[in-house]
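Hi,

Here is the structure I promised to pass on to you.

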Amino acid sequence: MKNPFLISSFVIIFLFSFSILLGSPVHSQTNPSDNNEYLYPANKEKVVNETVDEFYQALRNLKYPIHQEVYQRYKQKPKQQQWHLDTVLFKEMPDASVNVRKKLLFNEVERLNYITFDGNILSTYPYIDINYHQTVSPDRQVYFFYSFKDTEKEFRGNYAIYDVETKEMVAGGSTYMPKLNLTRNTYD
């Protein structure tokens with residue numbers, strides 16, 4: 001008696017879940033370029049006279065109110081919650097191998113990845129996929145800052161992307177990657 005009941009209940013559950021699966025509408029995925037409602041809409045035709053170097057100096061001097069607010073919020077946090085200020089308000093590394101400052105369209109940022117080898121795998125930094133930044137139009141003008149030091153022992157890098165019009169940071173980060181010592185024989 002229990003066997004037919006279990007079998008029929010499994011069949012009902014299976015048919016119910018199968019009907020839910022077939023009855024669900026299919027949603028198509030859209031590319032961010034298909035979406036016209038960006039928080040930062042396209043502005044590639046707009047003329048912005050401020051050069052990337054002028055913006056970098058304004059950023060370092062806290063010229064714009066948005067950067068003053070970020071700095072004040074940073075200073076009000078307890079010491080253990082404070083991030084490194086050079087990441088919050090981008091600052092080039094003083095001993096960097098390469099410093100990059102560019103004014104470009106957001107969709108051009110993907111091509112500026114640097115490839116490094118840690119002794120085991122190749123890594124790109126920064127790995128920026130504009131498909132994950134769906135609030136920024138690919139045709140939006142941005143300032144791109146990138147600073148890194150690549151030595152035999154380690155890779156350190158930081159980057160920031162600021163909107164040209166609003167002066168707000170739309171993406172950024174930093175990384176540290178120690179490299180494997182390939183000359184040391186561990187089997188001796």
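Below is what I found in it.

This is a predicted model, in which local features need pLDDT of at least 70, side-chain atom pairs count only at pLDDT 80 or more, and totals for chains, interfaces and linings use all residues. Residues are numbered from 1 along each chain as its sequence is written, and side-chain values use heavy atoms, leaving out hydrogens and water.

Let's start with Ser-147, which sits in strand β4 (residues 141-150); strands are DSSP runs of E, at least two residues long, numbered from the N terminus. Ser-147 counts as buried because its relative accessibility is 0% (buried means under 20% relative accessible area, with a 1.4 Å probe and protein chains only). Its side chain has a polar atom 2.9 Å from the backbone nitrogen of Met-93. A polar contact of 2.5 Å also links the side chains of Ser-147 and Asn-99 (a pair of N or O atoms within 3.5 Å, one able to donate a hydrogen and the other to accept it; residues adjacent in sequence count only if both atoms are side-chain atoms).

The strands run antiparallel and are joined by four bridges, and Thr-116 has Ser-123 in β3 as its bridge partner.

Enjoy exploring!

Technical notes:
Buried < 20%, exposed > 50% of the residue type's maximum accessible area, 1.4 Å probe, protein only. Pairing = 2+ DSSP bridges.
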